[in-house]
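Open the model in your viewer and keep the selection tool ready. We will go stop by stop.

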Amino acid sequence: MQRQVALIKQSLFDQGYLDEQFMELEELQDDANPNFVEEVATLYFKDSARLINNIEQALERGSFDFNRLDNYMHQFKGSSTSIGASKVKTECTMFREYCRAGNAEGCLRTFKQLKKEHATLRKKLEQYFQLARQAGPKEIARRPK
Amino acid sequence: MILFLCYITTGLLLLIRDCNEFLSFCHKHIFLEVFFAMAGEVPNLAESKLTALVVDDNFVNQSIHHKLLDRLGIKNDVVCNGQEAVDVHCSGRNYDLILMDMDMPIMNGIQATKRLREMGIESKIAGVTTRAEEEEVKEFMEAGLNDFQEKPLTISKLVSILHNLDFYVQA
């Protein structure tokens, strides 16, 4: 089962969902905090759900306050970068570029893609953490090849 | 590689012995710990009794930065914005190191750094932010920072901060 966990993790990196920052977090896990990464991921998804809600409400108003949207997305990008959520981070960057260009359609399109990537990552990480817990104490984190 | 490291370590130890009259024991300890960190190992600075304050409004970053400092053996507190950082100092607390985010509500990192310096706080303050434009970094540094690192913060970046800020325990 440990092998299965390792394969799932490898695929998350190979498919570009996660980057090296995720490995940095795994290296912080120790006996005192064996589920540190899962705890941080939980925090991230709770916080990002709030930000997605805020952005949705701002977009639904119709009049685009690009400064406000950019601020929300700055926070979202910051969290995503810290956890290693690579694809989500890329969409955040693109959204911010559209904000700076005042491109409402680009913002809407990118936001739709961002929500999709975010939901996919959430599902995949939930599967990964569930399997990791079933597999028992994890081996020391190794960088993917 | 191991032999090479042993050779270097021996050489350094001899150098330190020769400079013994100029270095305190704790200074040597920190230097060696940082050296081993830069060689790929994580130093434990618990003996140095360093303290730190994490100033960041983002819960994810708070958690990560707190854990990073814990891993290095540095006791630390966490606050959510610049105003809280100022308030905690007004209450009499003091820290060796402050990790200061830039963008925060109520009082941002630039304002908080300026305020702390005006209060006479001499702690080392390292700016930690995703903003990396030259002008933004310059403004942050000019507020009173001692060092700056771009997020996301990692063990190696944190060790780099400690190295740059020349931390040592006064005898």
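Select residues 51-166 of chain B. Their end C-alpha atoms lie 14 Å apart. The span is 44% helix and 21% strand. Helices (H or I, at least four residues) and strands (E, at least two) are DSSP runs, numbered from the N terminus. UniProt's unreviewed entry annotates residues 51-166 of chain B as "domain: Response regulatory". UniProt positions follow the numbering used here, feature names are shortened, and annotations may be inferred rather than shown by experiment.

A note on the model: it is predicted, so local features need pLDDT of at least 70 and side-chain atom pairs pLDDT 80 or more, while totals for chains, interfaces and linings use all residues. Residues are numbered from 1 along each chain as written, chains are lettered from A and ligands numbered from 1 in written order, and side-chain values use heavy atoms, without hydrogens and water.

Next, select residues 33-128 of chain A. The unreviewed UniProt entry calls this span "domain: HPt". It is 88% helix and 0% strand, with end C-alpha atoms 18 Å apart.

Now find the largest nonpolar core, which has 61 residues. Such a core is a set of buried (under 20% relative accessible area, 1.4 Å probe, protein chains only) Ala, Val, Leu, Ile, Met, Phe, Trp, Tyr and Cys residues joined through side-chain atoms within 4.5 Å. A:Ile55, A:Phe76 and B:Leu97 are among those with the most contacts inside it. Helix α3 (residues 36-60) of chain A gives the largest share, 11 residues.

Click A:Phe76. Beyond its neighbours within four places in sequence, its contacts (heavy atoms within 4.5 Å) include A:Tyr44, A:Ile55 and A:His118.

Terms used. Buried means under 20% relative accessible area, exposed over 50%, partly exposed in between (1.4 Å probe, protein chains only).
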